[in-house]
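Please read it alongside the sequence and coordinates.

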Amino acid sequence: MSPLDRSLAIGPLALSVGQLLLLLSIVVALIVGGLIGRRRKVSVGDGIFNAVLFGVIGARIVFIFQYGQSYDTFWSLLDIRDRGFEPLAGLVVALVYLVWRLWRQPRERRPLGIAVISGTLTWSLTTGVLALMVSQGASIPPTPLTTLEHDEVTLPTVLSETDHPMVVNLWASWCPPCRREMPMFEQAQQERSDVTFVFVNQGENFSTVNAFLQQESLSLDNVYLDRNNALGHEVGAMAMPTTLYYNADGELIDTHFGELSRATLDRSLERFNP
């Protein structure tokens, strides 16, 4: 798993490392901008917040234009919990706003410019150091899992038998986002015979998992149990749901921490296309 997509649980709140570093970069920009702006009696906090807001909105709008056909309701378009954003578009929108702001507000140019540079450097340095500390291109872990028929299985074995790219979803029945994802995954599994979908339950027993599947009338193939959360620890996923995408060679090519929509699933599945 990419170091930025590793998740951390802080009490009831779960964030990816990338999200935490982005928040840190914004905080640094606010602090630096506040200190320099105080000397000039200029406030730059609203400029930073607006740049972030417009960037997020722009990234979401461009993503919707690309994958809008995968959303089934208007309200689902507004549900940003699926992390459906186009980062490059968001960055462009934020930069355009900042250029406009600096042109219209000459007194803010120095404090706001230094604040933005400080935040950018913080993001670049922290993500760069993290990338050096954590190895990239992880292979699919051989963690022992258990089938619903009480047989032992490993993901590399399943991969070798199917010779297809693999989507691995880490879930639990007590996790509301996991429950909301399941019907969408069921449909995707039925539609995409060229992709192997695997559902690894974290920490629950056979009766709990079977009861959940029957209660929700879910017909899923490749449901496995990881009673000790070993796979989650192996891939650095401390919270659920987490979805991992492996190519046919067993190399990790994408990850998604948090709830998926069909749109964000479709975007990640495009990584499997030749």
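Within strand S8, Thr243 is the bridge partner of Asn169. The model is predicted.

- Strand S8 covers residues 242-246, and five of the five are buried, so the strand is largely enclosed by the rest of the structure.
- In a regular strand the side chains alternate between the two faces of the sheet.
- Both faces of S8 are covered, with Thr242, Leu244 and Tyr246 buried on one side and Thr243 and Tyr245 buried on the other.
- Strand S5 (residues 166-171) runs antiparallel to S8, and five bridges join the two.
- Strand S9 (residues 252-257) also pairs with S8 in the antiparallel sense, over five bridges.
- S8 and S9 make a hairpin with five residues between them. Gly250, in the turn, has a positive phi of about 80°.

**Positive phi outside glycine**
- Asp163 is a residue other than glycine with a positive phi, near 60°.
- Asp163 sits in the loop between helix H6 (155-162) and S5, and is exposed, with a relative accessible area of 55%.
- Asn222 is not a glycine either, yet has a positive phi of about 60°.
- The loop that holds Asn222 lies between helix H8 (206-215) and strand S7 (223-226).
- Is Asn222 buried or partly exposed? Asn222 is partly exposed, since its relative accessible area is 26% and buried means under 20%.

**Nonpolar cores**
- In soluble globular proteins, nonpolar side chains tend to be buried together.
- The largest nonpolar core here has 24 residues. Those with the most contacts inside this core are Val167, Trp171, Phe185, Phe197, Phe199, Leu265 and Leu269.
- At least two residues of this core come from each of S5, helix H7 (176-191), strand S6 (196-202), H8, S7 and helix H10 (262-269).
- H7 gives the most to this core, namely five residues.
- Neighbours within four places in sequence aside, Trp171 is in contact with Cys178, Met182, Phe199, Val200, Asn201, Gln202, Val209, Phe212, Val223 and Met240.
- A second, separate core has 18 residues, among them Leu145, Val153, Val158 and Val200.

Key. Residues are numbered from 1 along each chain as its sequence is written. This is a predicted model: local features need pLDDT of at least 70, side-chain atom pairs count only at pLDDT 80 or more; totals for chains, interfaces and linings use all residues. Side-chain values use heavy atoms; hydrogens and water are left out. Buried means under 20% relative accessible area, exposed over 50%, partly exposed in between (1.4 Å probe, protein chains only). Helices (H or I, at least four residues) and strands (E, at least two) are DSSP runs, numbered from the N terminus. Two strands pair if DSSP finds at least two bridges between them. A nonpolar core is a set of buried Ala, Val, Leu, Ile, Met, Phe, Trp, Tyr and Cys residues joined through side-chain atoms within 4.5 Å. Contact means heavy atoms within 4.5 Å.
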